[in-house]
Amino acid sequence: MSEARSVNEKAERWVKAVVEVLFYAGAVLVALLAGGLVMAAAGVSPLEAYRLIWDGAAGDANSVKETLVKATPLLFAGLCYTFAYRSGLFNIGAEGQIYIGAMTGTMAALYVPGLPGFAHLPLCIAAGAAGGAVWAGIAGALKIFKGASEIINTIMLNYMGIYLVSYMVTGPMKDPSGTLPQSARLPESALLAKLLDSRLHYGFVLAVALAVILYIVLNRTVWGYEIRSVGFNKQATKVMGIPVSRNMLLVMMVSGAIAGIGGYVEIAGVQNRLFQNFSPGYGYDGIAVALVGGAHPLGNIGSAILFGGLRSGANAMQRMTGTSTSLVYVIQATIIVLVVCNRYWFGGWKRRLIASLAARFGGDSHPEELKAVQAAPETALSLNKGEGSR
């Protein structure tokens with residue numbers, strides 16, 4: 001009986017994975033259709049526009065590289081949100097943490113000169129991580145000790161971070177040899193090396209490696225178990241003896257450190273100097289990346305590449321046709337709406353479908369649980385392990 005149940009559980013996991021992939025593929029197709037309708041209403045040929053978007057995102061090797069360049073900061077921002085979300089926290093402050101991390105990393109690059117590259121670049125990245133961690137830690141401490149909402153605090157800290165950077169590049173950190181609101185150029189020892197003779201830099205490799213590390217931490221370590229336990233049920237976690245407050249603060253700081261690294265990587269890999277408003281909203285788009293990626297570290301990789309491709313392709317479309325890149329945000333918004341519907345509206349229907357298919361392909365080893373799901377999906381917790389592991 002246990003062997004049959006194990007076979008059915010394996011079938012259920014595979015069916016769930018296939019159903020999720022098909023749903024996300026369908027969400028993208030529906031979003032493309034919605035975007036096409038908007039384009040047609042604006043007098044633009046949808047087929048021509050999508051051809052240009054594809055060419056700009058993946059038409060050749062250079063397009064793919066540019067897509068990965070644009071996906072890199074989105075991946076850092078998505079991982080920032082994902083890590084906090086796993087502990088039941090909502091870090092909406094990736095934008096501010098990106099700015100602060102970029103600023104502190106730039107300070108280490110400019111004010112600690114003379115170091116060799118193998119020491120200088122890691123120091124700058126660590127400084128970026130520290131800046132982001134401290135900035136997120138402010139919201140975490142207010143949440144723990146004062147009960148203040150981390151959502152409100154991180155949003156307010158976004159504006160403080162953006163304006164602080166604006167002040168620094170127009171005052172203390174302004175390039176003395178220029179008139180623009182920007183810092184001096186970073187030394188070569190603090191810059192990220194390029195990949196494949198293009199704008200693509202090693203920051204993308206760092207972001208992917210970080211996604212893998214976060215996956216391992218969350219799913220293969222004791223601390224990861226504690227983090228996920230806090231996210232599921234704080235009261236039960238306290239009874240288990242897990243330090244909830246300490247973990248929440250650490251999670252917020254690690255989450256901010258991820259965004260801070262992303263901020264410095266954008267400066268050291270693409271911009272080469274800090275300046276006003278260098279981020280076009282990476283921190284906010286990172287929330288969309290995390291949602292579409294299922295709040296899963298590895299899922300964020302594909303999601304970031306998708307949104308990076310849309311950005312890169314939209315720029316190509318605008319250059320060729322003059323069509324506003326805003327049309328791409330229609331596609332992005334539609335995808336987000338469908339993903340939210342998937343998480344909060346389609347749950348019962350999907351559980352019944354998954355249970356039915358799993359019972360068929362797994363030999364119907366426990367039909368009584370299938371009936372329980374069909375009768376009351378919300379009570380069939382044993383068939384919802386995938387949801388519980390988010």
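Predicted model: local features only at pLDDT ≥ 70, side-chain atom pairs only at ≥ 80, totals over all residues.
Ground rules: local features need pLDDT of at least 70, side-chain atom pairs count only at pLDDT 80 or more, and totals for chains, interfaces and linings use all residues. Residues are numbered from 1 along each chain as its sequence is written, and side-chain values use heavy atoms, with hydrogens and water left out.

**Exercise 1. Work out what secondary structure the protein chain has, and how much of the chain is buried.**

Step 1: go through the DSSP runs (helices are H or I, at least four residues; strands are E, at least two; numbering starts at the N terminus). You get 16 helices and zero strands.

Step 2: take burial as under 20% relative accessible area, with a 1.4 Å probe and protein chains only. Of the 390 residues, 51% are buried.

**Exercise 2. Find which helix gives the largest share of the lining of the second largest pocket.**

Step 1: list the helices that each supply at least two lining residues: α1 (2–41), α2 (46–58), α3 (61–85), α12 (297–321) and α13 (326–344).

Step 2: pick the top contributor. That's α2, with five residues.

Terms used:
Buried < 20%, exposed > 50% of the residue type's maximum accessible area, 1.4 Å probe, protein only.
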